[in-house]
Amino acid sequence: KENCYGYGVWIREKEKGSYIHYFQGFDPGVSFVSSHDSEDNLLITITSNFSCNVWRLNKKIRELMGKKN
C-alpha cells in the first residue's frame with residue numbers, strides 16, 4: 001500500500017481505489033492525528049499532551065470499529 005503527500009495532507013491507499021486522508025504532527029510534549037475515510041464515512045481526531053501514541057490509538061479505534069487500516 002502506498003503513501004503520498006501533497007498540500008499538507010497525507011494520503012494512504014487502503015486498497016485499490018480506496019484512500020484515507022490525514023494530517024499529523026508532533027513536537028516534544030504534544031501530538032495529533034486527524035484522519036478521514038470517505039468510503040467508511042469515518043472521521044477520527046486525536047490530540048495528546050504526549051509526543052507519541054496517537055497513531056497507535058487511531059489504528060486501534062479503526063480496528064475496534066471493524067474498519068480496514
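The following legends describe close-up views of a predicted model.

Residues are numbered from 1 along each chain as its sequence is written, and side-chain values use heavy atoms, with hydrogens and water left out. In this predicted model, local features need pLDDT of at least 70 and side-chain atom pairs count only at pLDDT 80 or more, whereas totals for chains, interfaces and linings use all residues.

**View 1. The hairpin of strand 4 and strand 5**. Strand 4 (residues 30-37) pairs with strand 5 in the antiparallel sense over seven bridges (strands pair if DSSP finds at least two bridges between them; strands are DSSP runs of E, at least two residues, and helices of H or I, at least four, numbered from the N terminus). Four residues lie between the two strands, and asparagine 41 in the turn has a positive phi of about 50 degrees. Phenylalanine 32 has threonine 47 as its bridge partner in strand 5.

**View 2. The two faces of strand 5 and isoleucine 61**. Isoleucine 61, in helix 1 (residues 54-64), touches Ile44 and Ile46, not counting residues up to four places away in sequence (contact, heavy atoms within 4.5 Å).

**View 3. The ring cluster of Tyr5, Trp10 and Tyr22**. Tyrosine 5 and tryptophan 10 form a tilted aromatic pair, 4.7 Å centre to centre with 50 degrees between the planes (ring centres of Phe, Tyr and Trp, the last by its six-membered ring, within 6.5 Å; stacked under 30 degrees, edge-to-face over 60, the rest tilted). Tryptophan 10 and tyrosine 22 are stacked, at 6.3 Å and 15 degrees. Tyrosine 22 is buried, with a relative accessible area of 12%.

Definitions and conventions:
Buried < 20%, exposed > 50% of the residue type's maximum accessible area, 1.4 Å probe, protein only.
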